[in-house]
Amino acid sequence: MHRLYSLALGAATAALTLTASSASAASLTRQPYLQRVGPDTATIAFRLDASCVPSVRYGTNGLTDQSAQSETGSRNHAIVLNGLQPGTEYTYLVDACGARTNPVRFSTAPVPGTRRVHFTAVGDFGMNNADQRNVANAMLARDPELFLMLGDNAYDAGTEEEFQNNLFVPMAPLLSQVPFFAVPGNHEYVTNKGQPYFDNLYLPTSKSGGEYYYSFDWGHVHFVAIDSNCAIGLSSADRCTLAAQKKWVEEDLAASSAPWKVVFFHHPPWSSGDHGSQRLMQREFPPLFEKYGVDLVLTGHDHHYERTHAMQGTSVAPSNTRQPVYLVVGSGGASLRPLETSKPSWAVLRNDSDHGYLDVTVRDGTLSAQALTPSGKVMDSFTLTKELPPLESEPAPEQPGTSEPSAPPGTEQPGTSQPSTPAPGTVTQNPGLPAGPEDSENLDPNMQPGCSAGPAMALLPAGAWVLAGVLRRRRRR
């Protein structure tokens with residue numbers, strides 16, 4: 001696994017002395033983080049301590065024989081890699097005008113329609129504490145394809161400094177190797193209605209909402225990101241409105257033919273925690289989720305874990321119907337809050353004593369989810385199932401020159417004649433089941449592969465960079 005590759009390379013180079021080849025070489029004040037990753041594109045963002053025109057060197061099979069240069073000579077950079085192959089592992093490093101960072105690896109999104117997707121999700125983590133770091137390292141060890149941030153990503157007020165210190169520093173190893181897609185929490189909106197959040201992230205966009213709300217496909221799953229702060233009136237009307245967002249959500253869900261649909265935002269429509277159910281979110285959006293076959297709704301805000309039954313309207317759905325399941329996964333690092341009320345009839349399981357995250361695999365017509373602590377304890381386990389039409393043939397990676405590049409995440413496609421979307425999956429409840437076999441190459445949760453834990457990555461001399469080329473690993477399966 002490429003996580004072990006990063007650890008091995010870090011250990012091999014730890015004793016080497018920095019030999020930056022240029023007096024103008026810069027160092028990183030923010031380690032690289034992956035944004036807008038799709039089947040054929042990826043954005044590598046980072047920050048430097050001095051102005052220069054850096055480049056990203058990248059390639060397959062452990063090589064970094066291709067290069068993309070920044071378009072600016074500033075300190076903040078987001079370099080776009082185009083023409084990538086879907087479902088392919090790439091090695092990359094930053095050349096900061098003469099000094100090179102430790103190479104790490106990531107994988108592009110699979111061919112659209114591929115029937116296996118693995119992702120993690122959690123919210124309420126931006127504290128720069130041990131709990132946050134343990135959760136982040138545990139997610140990294142699971143080797144997910146992508147990570148969903150459910151809001152309150154930078155406490156207490158979502159300032160520029162808090163994004164640096166409470167998000168990018170403690171979670172650097174994860175963010176450099178796993179593409180992430182975020183929604184803002186109410187704490188991000190404390191500072192200028194979320195402006196530092198938008199300044200620091202490079203997210204997909206929608207035509208009417210820009211980065212406030214957006215969607216993207218990953219394999220056979222359609223993901224929809226909603227800004228619940230905007231929906232409940234924390235955003236000014238010139239930036240984002242409930243009406244415009246709700247109209248876009250309906251159009252987006254109606255246009256998607258993906259067999260699985262996952263929606264994520266911050267404020268939960270269903271929660272028995274300290275904040276409780278957000279009534280406007282409960283009233284305005286679930287009818288659309290039910291109408292267009294949403295399977296899973298992921299939220300944070302309350303600092304605990306909670307799962308509902310499949311819900312229809314304001315009641316538990318009849319057993320013979322398929323309706324959305326709602327989760328609160330606000331256990332990413334902020335202090336947990338005790339549940340002071342009895343478990344409501346619509347709740348299946350609650351946990352207010354463990355920090356942890358959600359790990360989800362969607363394979364064909366089965367969605368398998370586990371809520372896990374950093375130590376591997378299973379807080380909850382459940383499956384959703386549905387019948388999918390057979391594939392005419394398995395999707396295969398596109399070959400160079402054989403077709404047009406696929407649209408990057410967030411690019412809105414016009415509606416086309418597509419098969420109808422299957423209904424949301426049937427829930428099989430398995431709270432407390434043991435986790436599946438761990439990958440033999442999973443890492444210790446306290447180890448930080450690939451990058452140093454400080455604000456700047458270790459810079460490698462040329463000899464260590466050459467060493468990276470001889471290390472290989474199996475392509476992600």
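Reader: What makes strand E12 largely enclosed by the rest of the structure?

Author: Four of the five residues of strand E12 (residues 214-218) are buried, so the strand is largely enclosed. Buried means under 20% relative accessible area, exposed over 50% and partly exposed in between, using a 1.4 Å probe and protein chains only. Strands (E, at least two residues) and helices (H or I, at least four) are DSSP runs, numbered from the N terminus.

Reader: Where do these numbers come from?

Author: This is a predicted model, where local features need pLDDT of at least 70 and side-chain atom pairs count only at pLDDT 80 or more, while totals for chains, interfaces and linings use all residues. Residues are numbered from 1 along each chain as its sequence is written, and side-chain values use heavy atoms, leaving out hydrogens and water.

Reader: How do you know that E12 pairs with strand E13?

Author: Two strands pair if DSSP finds at least two bridges between them. Five bridges join E12 to E13 (residues 221-225), and the two run antiparallel. Tyr-214, for one, has Ala-225 in E13 as its bridge partner. In that hairpin, with two residues between the strands, Gly-219 takes a positive phi near 60°.

Reader: Why is Asp-152 called buried?

Author: Its relative accessible area is 2%, and the cut-off is under 20%, so Asp-152 counts as buried. Asp-152 sits in the loop between E10 and H3. Its phi is positive, about 55°, although it is not a glycine.

Reader: And what makes Lys-193 partly exposed?

Author: Lys-193 has a relative accessible area of 34%, which falls between 20% and 50%, so it is partly exposed. Its phi is also positive, near 55°, and Lys-193 is found in the loop between strand E11 (180-182) and H5.

Reader: Which residues have the most contacts inside the largest nonpolar core?

Author: Phe-147, Leu-148, Phe-264 and Leu-298, in a core of 114 residues. A nonpolar core is a set of buried Ala, Val, Leu, Ile, Met, Phe, Trp, Tyr and Cys residues joined through side-chain atoms within 4.5 Å. Leaving aside neighbours within four places in sequence, Leu-148 is in contact (heavy atoms within 4.5 Å) with residues including Phe-119, Val-122, Phe-264 and Leu-298.
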